[in-house]
Amino acid sequence: MTISSGPSVQPGGPATAAGRRLLERVPPVLRHGPAFWRRSVQARVVVSTVLLSAAVVGVVGWFLIQQTRDGLLEQRVDAVVQEAEAETEAARDALAAATGLDVDESAQQEALVLPIIDRGSTRGFAVVLSPPIGEGSRLSGGGAKFTQGLDLASVPEKLEERFDQASPTAWTYTDIRTTRDIPGLPEGPGIVVGSQVRLPADDNTYTLYYLYSLDEQGETLALVSRAMLVAGIPLLLLVACLTWLVTRQVVTPIRMARRVAERLAAGQLQERLRVRGEDDLARLATSFNQMASNLQKQIRQLEELSRLQRRFVSDVSHELRTPITTVRMASDVIHDARPFLDPVTGRAAELLQKELDRFETLLADLLEISRFDAGAAVLEAEDVDLVDVAHRVVDMTSALAAQRDTRVVVHDPGVPCVAEADVRRVERIVRNLVTNAIDHAESRDVEVFVGADRQSAAIAVRDHGVGLGPGESAMVFNRFWRADPARARTSGGTGLGLSISLEDTHLHGGWLQAWGRPGEGAQFRLTLPRHLGTQLRHSPLPLVPDDARETA
């Protein structure tokens, strides 16, 4: 049976190169901005403070501008209403004194409105005299007398409706429009004040509309707004500088502590913080230094204990070789004399021979573990075809598989899967994985998959036995660990095989991973780089078997 892995995007391919070129076009500020924002407490505090200050300044500025506007408008309204009432009262007095115009209605209208228009041209307001009440007093009907150049649409219709009958003085806001320039009365927002007067000639009531511009108040309000904006920007910059200085005093010791902590984590246990002053930060630095000293002391003690433990294991393993050799010689003699012994003694000789084999294997594993712990393990690298390794291991474990009534199947990919590795160590890893699978397969088939791509090569060993429970896929590589302590080691293992396999894998710079599910078996995957020193990024074989994913 042949399996093949699907296409994969290789590092350095066209898609990756295009992505790098696109990333290079991004400005450095945008490219590194998010990372800087996540890592810098000082930047977040400064920006947050500036934003909050800007919001506060904006709200306060808006409130002040509103108050200023209301004050200017209220003051302007009071002034124009008083002025309009004064003009109307003066017009009434003038009409009452002009007895020669008693019966001339047109002369009385002109005598009423012309002096006001003349005064308005010098004081900056316009005047409209409406027709009499009851005779079409609307300005749109014609007959009105007004300042030349004023558009009569400047008087709101709602105010005209108010003065369709006798009414006291009233005012409203309006939008002044002109047909030509009027001195002192520009177009734009304004106030119109309405006041009524009675002419003696026809005993009719007329309405005088006074229009005043708010241009001066608008300029004052714009000046106040600009002043607040000009004052607000330096204020925000000042807040930003003050916040930066304050946070710098707090963040700088924290950054120093971070650097010292990183050096401590890197193994430089003598690093300490410099203590200055007696404030909270100084006491924090003192506590940090005390903690670092205690950690250094504890780590040194643990290192010494670990060194003594490794030395003890190594010495015991070496020292046991001499007596075990003597016992082996005696056991061989007794084992060879089995035909001449009674059945009970012969069986004891067989058990003695079997346990001696296991004890020698345990000693060899302990010596190998001690080499890993001491950092003395070395690689003898050469080009290794993992397909050949899989077939050799299956042949070596065929007797155990037949004893367990288990069939081991190799899925040959049909092409060489070559990696630069130590063939002895790789064979030991695969042999441990296959033996472990046979031991837990419960007479079901064990499958061995081999695959490779440009960067890596892999072997996966799949069994359909008891499987692994949640969390056991990481614990299975611990020394002497068993999922079920009551389960016997029928293959004669020592409990160190997977631990040694993991160390061998790390020595190659590879991965050794496990997957399992109770009742559905387990799969162990060995992934090695095609060339030593190359960092692995993916594996050509899946860790979760295809049949398990289909079931899920």
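Visitor: Where does Glu442 sit?
Guide: Glu442 belongs to the loop between H11 and strand S9 (446-452). Helices (H or I, at least four residues) and strands (E, at least two) are DSSP runs, numbered from the N terminus. This is a predicted model, where local features need pLDDT of at least 70, side-chain atom pairs count only at pLDDT 80 or more, and totals for chains, interfaces and linings use all residues. Residues are numbered from 1 along each chain as its sequence is written, and side-chain values use heavy atoms, with hydrogens and water left out.

Visitor: Why is Glu442 called partly exposed?
Guide: Its relative accessible area is 38%. Buried means under 20%, exposed over 50%, and partly exposed lies in between (1.4 Å probe, protein chains only). The 38% of Glu442 falls in between, so it is partly exposed.

Visitor: What is the phi of Glu442?
Guide: About 55°, a positive value, although Glu442 is not a glycine. Ser443 also lies in the loop between H11 and S9. Its phi is near 65°, again positive in a residue other than glycine. Ser443 has a relative accessible area of 45%, so it counts as partly exposed.

Visitor: What makes up the largest nonpolar core?
Guide: It has 39 residues. Such a core is a set of buried Ala, Val, Leu, Ile, Met, Phe, Trp, Tyr and Cys residues joined through side-chain atoms within 4.5 Å. Leu386, Val430, Val448, Val461, Phe477 and Phe524 have the most contacts inside this core. Helix H11 (residues 423-440) gives the largest share, seven residues. A second, separate core of 23 residues includes Val77, Val80, Leu129 and Tyr206.

Visitor: Which residues of H3 and H4 meet?
Guide: Glu83, Glu87, Ala91 and Leu95 in H3 meet Gln108, Leu112, Ile116, Arg119 and Arg123 in H4. Contact means heavy atoms within 4.5 Å. The residues of this contact divide into four nonpolar, one polar and four charged.

Visitor: Why do S2 and S3 count as edges?
Guide: The open sheet has five strands in the order S2-S1-S5-S4-S3, with antiparallel pairing. Strand S2 (145-146) and strand S3 (170-176) each have a single partner strand, so one side of each lacks a neighbour in the sheet.

Visitor: How do you know that S1 and S2 pair?
Guide: Two strands pair if DSSP finds at least two bridges between them. Two bridges join strand S1 (residues 125-129) to S2, and the two run antiparallel. Val128 stands opposite Phe146 in S2.

Methods. Ala, Val, Leu, Ile, Met, Phe, Trp, Tyr, Cys and Pro count as nonpolar, Asp, Glu, Lys and Arg as charged, and the others, Gly among them, as polar.
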